[in-house]
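Let's take a look around this protein, starting with its pockets and then moving on to its aromatic rings.

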Amino acid sequence: SSLESGFITKSLDAMVGDVNLFLSDEDAEEEDNDGDGSEAPSLKQAELDIMVADDGYRRQGVGKEAVCTMMLFGAQQLGITRFVAKIKEENMASRNLFQNKLGFRENNYVACFQEYEYVFEHDTATVTASAIKELYDVKVNSFNLPVL
């Protein structure tokens with residue numbers, strides 16, 4: 001079935017911002033200490049980016065819900081164990097969200113960009129997903145995705 005005529009333009013007012021994951025692998029810092037030639041496993045990580053563009057929806061919990069839902073998706077579907085957020089020094093609202101409401105820890109400050117780096121990480125994707133569920137009562141418990 002096709003979408004009704006004008007579906008996109010009728011739905012534009014529903015979007016208040018966006019949340020993104022930028023995926024990468026981070027090499028584990030451990031070296032080949034047992035001499036068997038194997039490399040340390042790569043940890044799956046994602047950088048999070050959130051924007052609540054509509055002022056009327058800021059400080060209403062929309063950002064927290066969007067970030068938690070995206071993180072849960074990342075942990076459950078993509079095996080992400082480490083999430084990173086880079087936030088400008090002056091963006092106190094985002095710094096407060098990530099550090100005080102989402103449990104990210106400050107990891108680094110990059111002076112030339114005037115931004116803080118915050119990290120949320122656990123040993124396994126299962127533990128990561130459980131930690132996310134403790135932060136916020138995410139309404140989505142699993143994601144039913146079509147097989148491509």
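Start with the largest pocket: 17 residues line it, and Val 52, Arg 59, Ala 93, Ser 94 and Leu 97 lie nearest its centre. A pocket here is an open set of points on a 1 Å grid over the protein atoms alone, with protein on both sides within 12 Å along at least five of seven lines; a 1.4 Å probe is used, and lining residues have an atom within 4 Å of a point. The elements giving two or more residues to this lining are β2 (42-52), α2 (62-78) and α3. Helices (H or I, at least four residues) and strands (E, at least two) are DSSP runs, numbered from the N terminus. The largest share, 5 residues, comes from α3.

Before going on, note that this is a predicted model, where local features need pLDDT of at least 70 and side-chain atom pairs count only at pLDDT 80 or more, while totals for chains, interfaces and linings use all residues. Residues are numbered from 1 along each chain as its sequence is written, and side-chain values use heavy atoms, with hydrogens and water left out.

What lines the second largest pocket? Among its lining residues are Glu 47, Asp 49, Lys 86, Ser 94 and Phe 98. Two or more residues come from each of β2, β3 (82-88) and α3.

Volume is the space filled by probe spheres set on the grid points, which are joined across faces, edges and corners. For the classes, Ala, Val, Leu, Ile, Met, Phe, Trp, Tyr, Cys and Pro count as nonpolar, Asp, Glu, Lys and Arg as charged, and the others, Gly among them, as polar.

| Pocket | Volume | Lining by class |
|---|---|---|
| Largest pocket | about 480 Å³ | 7 nonpolar, 6 polar, 4 charged residues |
| Second largest pocket | about 160 Å³ | 5 nonpolar, 2 polar, 4 charged residues |

Now for the rings. Rings of Phe, Tyr and Trp (its six-membered ring) pair if their centres lie within 6.5 Å; planes under 30 degrees apart are stacked, over 60 edge-to-face, and the rest tilted. That rule gives 4 aromatic pairs. The Phe 104 and Phe 120 rings sit 5.4 Å apart at their centres with planes at 35°, so this pair is tilted. Because Phe 104 lies in the loop between α3 (92-101) and β4 (105-110) and Phe 120 in strand β5 (residues 115-121), the pair ties together parts 16 residues apart in sequence. Phe 104 is buried (under 20% relative accessible area; exposed is over 50%, partly exposed in between, with a 1.4 Å probe and protein chains only), at 2%. Phe 120 is buried too, at 6%.
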